[in-house]
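Here are some friendly notes to read with the model open beside you. They go residue by residue first, and then turn to the metal site and the pockets.

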Amino acid sequence: MPELPETETIARDLDGALQGAVVRSVAVHRQDVLRDPARGGRALTGAAAVRLAARLVTSLTGGRVTAVYRRAKSIVLAFDPARYAVVTPRFTGALLLTRGEASAVRHPHDCLTIGLDDGRTLTYRDLRRLGTLTLLDHEQLARWDEALGPEPLDPELTAERFSGILRGSERAVKSILMDQRRLAGVGNIYANEACWRARVRPTRRGRSVTHVEARTLLAELRGVLAESIALRGTTFRDFQDAYGSKGGFAPMLQAYGRGGLPCTRCGGTLRETHALEGRSTVWCTGCQR
Ligand SMILES: [Zn+2]
């Protein structure tokens, strides 16, 4: 599932490639990925989905791309006049930029194609269609942004504030790291990795984490995120960048996907559980406390 480094990779590539491009055509092929911006991102059906699809076409056609950036695990495509298409790839979603015309590159899992005036096509493709797409105006974008927690790589997130986020909760450390309202962008892979690096057991209660441990955990979280961005993210199964290439960080993973194997740091056994939100949690019984 694309997390912070993967969506950052897509956003950076698209920002460099799309700034200034003008939209010539928009086509919505799959309406089940559409989400209602006004009602907490609920799925749309029937006439409401048809209306949003029509609004995507009329609002974006003729618009100019001003920027593409990441917030949490979403990619924001900003258009002039002020409209924002927000794509959250979740499991199998991909934003692909290709040279050819939309009709020549159609794929059965394409959800949205945006044809640009220079002949390129931007496609949102999603095999399982668990990802989402919505269209926001400036005010709606601000409300969406406000509901999300701070970005871990933002220098304004101090160790004190991070410590407060952890210690103010009875939940497991890993669950807190992945709660987008408390901290944005971290998902299962990097929560596991940060805990391993910081030698903190992911199942521990947030309240039990000391200030020193919280400081270490934030530093290690930033480290693993930055290293992964430098290698263009982790492709465990599905992630591909805007040009269809895989990320290079998977061989660097020390915890995620290694349940049952020896810890590379202490030789202890990595244990795996699915007790937290049904997701894979891996930690070392020897060196994570
Ligand atoms: Zn270990």
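Predicted model: local features only at pLDDT ≥ 70, side-chain atom pairs only at ≥ 80, totals over all residues.

1. Let's start with Cys-111, which sits in strand β6 (residues 110-116). Helices (H or I, at least four residues) and strands (E, at least two) are DSSP runs, numbered from the N terminus. With a relative accessibility of 0%, Cys-111 counts as buried; buried means under 20% relative accessible area, exposed over 50%, and partly exposed in between (1.4 Å probe, protein chains only).

2. Residues are numbered from 1 along each chain as its sequence is written, and side-chain values use heavy atoms, with hydrogens and water left out.

3. The zinc ion deserves a look. Its protein donors are Cys-263 (SG), Cys-266 (SG), Cys-284 (SG) and Cys-287 (SG), lying 2.2 to 2.4 Å from the metal. Donors here are N, O and S atoms within 2.8 Å of the metal (3.2 Å for Na, K and Ca); water is not among the atoms, so sites may look incomplete. Along the sequence, the zinc donors follow the spacing C-x2-C-x17-C-x2-C. Of these, Cys-266 in the loop between α7 (211-230) and β9 (270-273) and Cys-287 in the segment after β10 (281-284) form a pair that links distant parts of the chain, 21 residues apart.

4. What is the geometry of the zinc site? The site is tetrahedral, with angles of 96 to 114° among its 4 donor atoms. For reference, the ideal angle for four tetrahedral donors is 109.5 degrees. As for accessibility, Cys-266 counts as partly exposed because its value is 39%, whereas Cys-287 counts as buried at 9%.

5. Now the largest pocket, which holds about 700 Å³ of space. A pocket, on a 1 Å grid over the protein atoms alone, is an open set of points where a 1.4 Å probe fits, with protein on both sides within 12 Å along at least five of seven lines; lining residues have an atom within 4 Å of a point. The volume is the space filled by probe spheres set on the points, which are joined across faces, edges and corners. The lining has 23 residues, and Gly-41, Ser-74, Thr-88, Thr-132 and Trp-144 lie nearest the centre. Elements giving two or more residues to this lining are β4 (83-88), β8 (132-136) and α3 (138-146), and β8 gives the most, with 4.

6. By class, the lining of the largest pocket has 10 nonpolar, 8 polar and 5 charged residues. Here Ala, Val, Leu, Ile, Met, Phe, Trp, Tyr, Cys and Pro count as nonpolar, Asp, Glu, Lys and Arg as charged, and the others, Gly among them, as polar.

7. Where does the second largest pocket lie? Domain 1 (4-146) and domain 2 (159-284) both give residues to its lining, so this pocket lies between them; the domain bounds come from an automatic or database domain assignment. Its volume is about 320 Å³. Among its 19 lining residues, Met-1, Phe-91, Phe-236, Arg-237 and Tyr-256 lie nearest the centre, and the lining has 7 nonpolar, 5 polar and 7 charged residues.

8. Arg-237 is worth a click: this residue lies in the loop between α7 and β9 and counts as exposed because its relative accessibility is 64%. Most residues other than glycine have a negative phi, and most peptide bonds are trans. Arg-129, in the loop between β7 (121-126) and β8, has a positive phi of about 50°. Arg-232 has a positive phi as well, of about 65°, and lies in the loop between α7 and β9. A cis peptide bond, with omega about 0°, joins Asp-80 and Pro-81; Pro-81 lies in the loop between β3 (74-80) and β4.

9. Last, Ile-229 in helix α7 counts as buried, at 12% relative accessibility. Ile-229 and Pro-5 are 224 residues apart in sequence and 4.7 Å apart in space, C-alpha to C-alpha.

Notes:
Tetrahedral: all angles 85-135°; square planar, octahedral: opposite > 155°, others 65-115°.
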